[in-house]
Amino acid sequence: MVTPNKDLIVEYQSVKSAYFTAYPSPGTWYEGFSSQDYGNAIIEVLSRNPELPIQFYVHFPYCKIQCWFCQCYQMVTHDRDKMETMVNYLIKEMDLLLALFKKHGLKPNFNELHLGGGTPSWLPIDLFDRLVDKIGTFIDLKKIHEFAIEVDPRTADVEKIKHFHSKGVNRISFGIQDFAPQVGKAVNREHTEAEIAELLKTRHLFKGVNFDLIYGLPRQTRESLKETLDTVFRLSPDRIAFSILGNRPDVFKHNAMMKIEEIPGLIERAYMWEDSFPAFLKAGYVRVGMDHFAKPNDEIAQAKYKETLFRNQMGYSPGRFADVCAIGPSGMSRYGEYYFASSYNIPDYFEFIDEGKFPVVRGYKLDKDLEIRRDIMNKIMVYYHVNYDYFSHLYNIDFKKYFAQEIEELKEFEGINAIQMKENSFTVTYFGNYFLRNLCLVFDKLNLKYMHNIESGKVIRKEKVVV
Ligand code: SF4
């Protein structure tokens, strides 16, 4: 473990920036993109590259219980009618896409399927089946590489998980966050080792099991986090997302349910990372990208070695896709140089679909310059290394001339030992891990005000919080 440099970490991590998992980040996409623009982008990109691998993502926005830390577009409901209505509209949105594909003779190469939210595991079985059966009419669920579902363990039992498998699911992702009872109470999300071990009796059915963990949660201490990690290592998931807490009570009213005085400060969080990183390695995991760990034989660990790993707004991919066709409220799609965001408001989302329109409210079209910058940021976040020759060759530019200003700015980071600069490359140091976003900012020429994508969608949540 190293002693985090308090002053530098506070100074740099206080700079407001995006996550840079998509660039430009979703909070900066602008209005003025229509349903027709969305359809035209699909036609343009798929006509140019009919084999383009694409992930199909379905956003189901309902949850059983509100977690206080959550920053997804979701809401709590126990109303089956609401869930059924949502499934009906998701199916209608698929019909709009299918009509477009048919009209233009397109056969998109959907090679992965991800059910996210919200809590797709909260769907009653018959509604889950309706949704998946519809997807199965245009995606061969037996042949795709990956069919993953996000599971809140409070919404599933062994039988339900076996059912997911029977419908083609081959990767299961459990939102755990922490096992310490005092932390669970502070964030309204409590899990026990026994509960998860019971669900994991089904693990032989899946090619992989993921856990989501968060550090920096209220009442979490370095000691309690160590105990949580010991529990996690006993349960032995294949992949672990280890994310830092985000807290935006101005955007997500329920975030205010976490007591600010109970949330570990920046330096305490840095120590949590310093404790945890070697613990993951000791337990046999490989670090993948910024905040994921995987067993060495897991696909994303393998992709790291093969240098095919890719990160977008949906997470890490072994390189099988970069583009995403997302349906459902708040869905974010990417087709080549285009990004699109769907409505963050369920009545509006329904209205779009009823009018026979794609529910697009914002978007972005990248020019070549922004595509290069996006690619550089991906290399920083995924490989901690940027080779100038690679970019010069790929984009037909002279990197050192093109980015002369940025290379000059990087010297500031060399000065604090965050990177090592060579004639034709730079590499992020171990200490530099704290500054990945700052390094991306060097290559961000848009200099826009960074907002959460929900904030910029002007849909600041005002609903009453339901437990
Ligand atoms: S289960 Fe909790 S963390 Fe997951 S989407 Fe729902 S509220 Fe958010």
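The structure is a predicted model. The protein is divided into domain 1, which runs over residues 21-365, and domain 2, which runs over residues 368-442. The second largest pocket lies between these two domains, because both of them give residues to its lining.

**Domains**

- The C-alpha centres of domain 1 and domain 2 are separated by 29 Å, and the contact between them takes 23 residues from domain 1 and 14 residues from domain 2.

**The second largest pocket**

- The second largest pocket holds about 540 Å³ of space, and 30 residues line it, of which F310, A322, R334, R374 and D375 lie nearest its centre.
- Two or more lining residues come from each of the elements α2 (35-48), β12 (310-312), α12 (368-383) and α13 (388-395), and the largest share, eight residues, is given by α12.
- Sorted by class, the lining of this pocket is made up of 15 nonpolar, five polar and 10 charged residues.
- F310, which is among the residues that lie nearest the centre of the pocket, belongs to strand β12, and with a relative accessible area of 18% it falls under the 20% limit and therefore counts as buried.
- Along the chain F310 is 65 residues from L245, and the C-alpha atoms of F310 and L245 are separated by 23 Å.

**The ligand shell and Q177**

- The residues around the ligand are C63, I65, Q66, C67, F69, C70, Q74, G118, T119, D152 and R189, and by class this shell divides into five nonpolar, four polar and two charged residues.
- Q177 is found in strand β7, which covers residues 171-177, and Q177 is buried, its relative accessible area being 8%.
- When residues up to four places away in sequence are not counted, Q177 touches F69, R189, D212, L213, I214 and L217; among these partners, F69 and R189 also belong to the residues around the ligand.

**Cis peptide bonds**

- The peptide bond from Y23 to P24 is cis, with omega near -5°, and P24 has its place in the loop between α1 (6-13) and β1 (30-31).
- A cis peptide bond also runs from G117 to G118, with omega near 25°, where G118 is placed in the loop between β5 (109-117) and α4 (125-135).

- S236 has a positive phi of about 60° although it is not a glycine, and its place is in the loop between α8 (222-235) and β9 (239-244).
- N396, likewise a residue other than glycine, has a positive phi near 55°, and N396 lies in the loop between α13 and α14 (399-402).
- N396 is exposed, because its relative accessible area of 70% is over the 50% limit that applies to exposed residues.
- Helix α13, at one end of the loop that holds N396, is also among the elements that give two or more residues to the lining of the second largest pocket.

**Further residues and separations**

- F20 has its place in the loop between α1 and β1, the loop in which P24 is also placed, and at 6% relative accessibility F20 counts as buried.
- F20 and G118 are 98 residues apart in sequence, while their C-alpha atoms are 22 Å apart in space.

Conventions:
Residues are numbered from 1 along each chain as its sequence is written. This is a predicted model: local features need pLDDT of at least 70, side-chain atom pairs count only at pLDDT 80 or more; totals for chains, interfaces and linings use all residues. Side-chain values use heavy atoms; hydrogens and water are left out. On a 1 Å grid over the protein atoms alone, a cavity is a set of points where a 1.4 Å probe fits but cannot get out, and a pocket is an open set with protein on both sides within 12 Å along at least five of seven lines; lining residues have an atom within 4 Å of a point. Grid points are joined across faces, edges and corners, and a volume is the space filled by probe spheres set on the points. Helices (H or I, at least four residues) and strands (E, at least two) are DSSP runs, numbered from the N terminus. Ala, Val, Leu, Ile, Met, Phe, Trp, Tyr, Cys and Pro count as nonpolar, Asp, Glu, Lys and Arg as charged, and the others, Gly among them, as polar. Domain bounds come from an automatic or database domain assignment. A residue is near a molecule or strand if one of its heavy atoms lies within 4 Å of it. Buried means under 20% relative accessible area, exposed over 50%, partly exposed in between (1.4 Å probe, protein chains only). Contact means heavy atoms within 4.5 Å.
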